[in-house]
Amino acid sequence: MRSYTLIAPAKINLYLEILGDRQDGYHELAMVLQSIDLADRIDLRSNGTDVIRIHCNHPGVPQDKTNLAYRAATLMIDQFPDAFAQYGGVEIEIDKRIPIAAGLAGGSTNAAAVLVGLDLMWNLGLTQSELQEMAAQLGSDVPFCVAGGTAIATGRGEKLSPLPDLDHLYLILAKYRSLEVSTAWAYSTYRKQFGNTYACDTESAEARSGKVNSGCLVNAIAHKDNAKIGECLYNDLEKAVFPAYPQVLQLREAFQRTGVLGTMMSGSGPTVFALTESLPQAQQIQKEVENAIANPDLDFWIAQFTSNGIRVAN
Ligand code: C5P
């Protein structure tokens with residue numbers, strides 16, 4: 001019987017620009033992704049059978065084959081049948097702390113944890129890039145979740161290049177509990193409205209990369225210029241989500257009025273985050289926005305940037 005507990009951090013998008021369409025139906029992106037210390041805990045336990053079972057303490061998380069963590073285990077079994085034959089099935093227990101359907105890669109980071117955990121449990125010794133190649137088969141954000149930290153992500157989101165750590169920054173996250181946004185819906189809504197402005201798939205890589213505007217943020221990160229980082233936050237998907245859910249725009253405006261470094265919707269939303277330089281500032285901002293909006297459906301979290309991806313709990 002072997003077991004591992006893994007810490008699986010959420011991510012936010014500091015930058016998300018939609019560059020164009022792709023032949024595989026996805027969108028070509030330029031993003032800057034950041035891990036935060038709001039994290040799920042994933043327990044993996046050999047169960048001495050030949051089945052995978054998922055358990056989760058959140059009623060909204062599927063506990064069957066549709067769970068991305070289950071699909072990660074199936075992928076490992078397909079790739080390493082001998083290890084599966086030797087070690088057998090696994091119980092996957094998810095202690096869910098990251099809000100779901102929130103634009104924070106909660107499902108992706110759970111899948112990344114299963115890949116990393118089974119690699120350890122089955123003594124496979126896979127490299128990070130081997131794990132990330134498998135991760136890309138599961139979802140666009142899963143490769144980033146394996147390594148974590150701060151990174152530029154291009155392609156579908158799976159091509160990564162690391163940036164300097166930004167562990168000194170704090171953030172407040174806010175989300176309406178009853179509001180969930182599907183990533184597929186956000187992208188298809190964006191495509192309907194802005195598809196005519198896309199770079200097309202046949203355009204050269206050089207022509208496409210000349211259109212990316214993330215330079216300001218990447219520069220600010222390189223210089224650890226907090227004010228500039230706040231100013232350069234950007235997310236194209238706000239244009240799809242805000243018209244359909246004006247309360248998300250109002251939330252961002254409420255953060256803006258408090259004088260935070262910067263505020264933005266994360267990924268496909270509807271979570272809004274705001275950046276600060278200290279924990280007390282983050283606590284103060286949370287109080288101000290709580291008072292300004294006073295809606296019992298609104299949840300808040302305070303977190304810190306982290307350079308960690310998936311790691312084994314101490
Ligand atoms: O890759 P993942 O399964 O996380 O993506 C969820 C959905 O988001 C996709 O089905 C697709 O509709 C959309 N998406 C996209 N382009 C990307 C990433 C995601 O259109 N680069």
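This is a predicted model: local features need pLDDT of at least 70, side-chain atom pairs count only at pLDDT 80 or more; totals for chains, interfaces and linings use all residues.
Reader: Which residue of strand E11 is the bridge partner of Ile172?

Author: Strand E7 runs antiparallel to strand E11 (residues 298-304), and 7 bridges join them. E7 also pairs with strand E10 (residues 272-276) in the antiparallel sense, over 5 bridges, and there Ala174 has Val272 as its partner. In E11, the bridge partner of Ile172 is Ile302.

Reader: How many residues apart in sequence are the parts that the pair of Phe84 and Trp122 ties together?

Author: The structure holds 4 aromatic pairs. Among them is the tilted pair of Phe84 and Trp122, with 6.4 Å centre to centre and 45 degrees between the planes. Because Phe84 lies in helix H2 (residues 81-87) and Trp122 in the loop between helix H3 (106-121) and helix H4 (128-136), the parts tied together are separated in sequence by 38 residues.

Reader: Is Phe194 buried or partly exposed?

Author: Phe194 lies in helix H6 (residues 183-194), as does Tyr190, about one turn of the helix away. Lys239 lies over the face of Phe194, at 5.3 Å from the ring centre. Buried requires under 20% relative accessible area. Since the value for Phe194 is 21%, this residue is partly exposed.

Conventions. Residues are numbered from 1 along each chain as its sequence is written. Side-chain values use heavy atoms; hydrogens and water are left out. Two strands pair if DSSP finds at least two bridges between them. Helices (H or I, at least four residues) and strands (E, at least two) are DSSP runs, numbered from the N terminus. Rings of Phe, Tyr and Trp (its six-membered ring) pair if their centres lie within 6.5 Å; planes under 30 degrees apart count as stacked, over 60 as edge-to-face and the rest as tilted. Buried means under 20% relative accessible area, exposed over 50%, partly exposed in between (1.4 Å probe, protein chains only). A charge sits over a ring if NZ of Lys or CZ of Arg is within 6 Å of the ring centre and within 35 degrees of the ring normal.
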